[in-house]
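Good morning, and thank you for coming.

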Amino acid sequence: MPIRFAQEEYPTWIGFIFIFNLIVGTGALTLPSAFGHAGWLLGSILIVVLAFASYMTVTFVIETMACANAIQNWRHLQFIKRDRVEEHRGEDVNEVEPLVAASGGDDGDITDASIEQTPLNIMYCRNQYYSLSKKIELGEMANLFFGRVGRFLFYFCLAVYLYGDLSIYSAAVAKSLRDVLCAYNHSSNATDSDDFNLPCWEDSLFSRFDIYRLCLMVFIGILGPFVFFNVQKTKYLQLVTVMFRWLAFSVMISIAIHRIFAQQTDEPIVPKRVDVNGIPYLIGTCIYSFMCHHSLPSLLTPISNKRRIKSLISMDYVLICTFYLSLALTGIFAFSDIKDLYTLNFVPNSDQDSIFLKGIEYFLALFPVFTLSTSFPIIAITLRSNLQTLFLDTTQVESYNFFLRQVFFPLLAIVPPIVVCFFTESVISLVGFTGCYAGTGIQYLIPVFLVFSARRACENIIGRGIANDFRSPFKGNFWLLLILSWTLGCLVLVTIDLMK
């Protein structure tokens, strides 16, 4: 059996829930708006295709994790062999010869059979090279399988993605707070550009965009300083966030279904079926909505029964795709005007008399504030660490001066997202840009190049005789080329759209 490291394990169903909750996040709140741009039929087809592409690259990451474990196990075995040789080097040759003969090696070359009777060999049976017993993060895999340029591009891509994350979180929270505070909220004909001119309150000198910026500054002022320290989310905070998320999505779907059945027959909402101009919006949103690749090692390694990981991932993707379709389709058929952040369609109504219903509206409107605020400091600290890895020698971090380590890089992590959000509040644009550019790198390109390099490395080091039980079902290079072609198509479509 493989090495058991000191780590907390959990059953498969817990891993199923954790992966589901990791994937279903902010991106899901922008899906109804993206469906509104692309049309319900085209949107349904594209989301299934994008879900399948994301599933393929998840299996690539899992295979690479197993390859990384195999190479580390092989290296550890070589260390044991060398150590055994050194132990017996000074012993009587009559005692060493039987050991060498049993191993089938020459000149003291002790192979697997030579250490078969040691307890450590139990951990390194040939059929147990490939495992997921040790957590090896995506950055460690990049260091193991990529060259210097590849490692730089990996950390650069991850940093851009995290910058996008922070911008999306900041804009979503500020918009949600603004719409709860302002008396004048979305009319059916209002657009985001109207927020520059519309007053927040009657006879107020402050526009809605002014209040958005004020909320942004308050949000950054409260949570921004955490980037200078090290904080960790607690288990209980995660559980509370999970409950909030499930409750909010369930209520939104329920309200949308109620609105669909309550519509007047003479004025039904008929969303468009196909609009190719909305494809770039939907591609970026879907890529962002299926993102989990960078966190897979932390989620999959503690699962106790790892033989069921393939079926677990498959079920998760089927359930998530079904859930996304339910959220998006009910939304576009229930609302004639869908905001870029779906929760903004549930802004508290001053005409609402029911205290219970008004409480639900406030809960939904503030839902992004509750959930995103808990993740913001963690993302900011992760970005700070990756920026330091990108630009500094991580083996000599303490040799750099205090300002560079403790002030410059925290500010470098937090200031650019503030500047971006200060001039735009379009969450769907931020999601589309982050998903299509940085997201394609994290979700498509990095897994493809990682698994290609890992397969070659394991074939050269370990050989073809040992099977990888965690190998992706998409084994041939055809699938790698298919993902690369799909990625290129996505990038071209989005770039053309941005240049219009």
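Are K175 and D340 buried or exposed? In this predicted model, both K175 and D340 are buried. The two residues form a salt bridge, with their closest N and O atoms 2.9 Å apart. K175 sits in helix α6, whereas D340 belongs to the loop between α11 (309–334) and α12 (355–365), so the pair ties together parts of the chain that are 165 residues apart in sequence.

This pair also belongs to a wider arrangement. Salt bridges with shared partners join K175, R178, D179, R208, D340 and E425 into one network. For the model as a whole, the count comes to 11 salt bridges.

The side chains of R471 and E63 meet at 3.7 Å, N to O. R471 is located in the loop between α15 (427–461) and α16 (477–498), and E63 in helix α3 (residues 40–89); the pair therefore ties together parts that are 408 residues apart in sequence. As for accessibility, R471 is partly exposed, with a relative accessible area of 34%, while E63 counts as buried at 1%.

The loop between α15 and α16 also supplies D469, which pairs with R307 from the loop between α10 (296–300) and α11. In this salt bridge the closest N and O atoms of R307 and D469 are 3.1 Å apart. The two residues are separated by 162 residues, and the pair links distant parts of the chain. D469 is partly exposed, at 41% relative accessible area.

I now turn to the cysteines. How many disulfides does the model contain? The count comes to 1 disulfide. It joins C182 to C200, with an S to S distance of 1.9 Å. Both cysteines lie in the loop between α6 (148–181) and α7 (208–223), 18 residues apart.

The cut-off for a disulfide is 2.5 Å between the sulfur atoms. C490 is accordingly in no disulfide, its nearest cysteine sulfur being that of C436. C436 is buried, with a relative accessible area of 0%, and C490 counts as buried at 1%.

C67 is buried, with a relative accessible area of 3%. Which residues does C67 contact, leaving aside its neighbours within four places in sequence? They are Y130, F145, A454, C458 and N468. C67 and S453 are 386 residues apart in sequence, yet their C-alpha atoms are 9.9 Å apart in space.

To close, I would return to two points. K175 and D340 are a buried pair that takes part in a network of salt bridges with shared partners. Among the cysteines, C182 and C200 are joined by a disulfide, whereas C490 is in none. Thank you for your attention.

Methods. Residues are numbered from 1 along each chain as its sequence is written. This is a predicted model: local features need pLDDT of at least 70, side-chain atom pairs count only at pLDDT 80 or more; totals for chains, interfaces and linings use all residues. Side-chain values use heavy atoms; hydrogens and water are left out. Helices (H or I, at least four residues) and strands (E, at least two) are DSSP runs, numbered from the N terminus. Buried means under 20% relative accessible area, exposed over 50%, partly exposed in between (1.4 Å probe, protein chains only). A salt bridge is a side-chain nitrogen of Lys or Arg within 4 Å of a carboxyl oxygen of Asp or Glu. Contact means heavy atoms within 4.5 Å.
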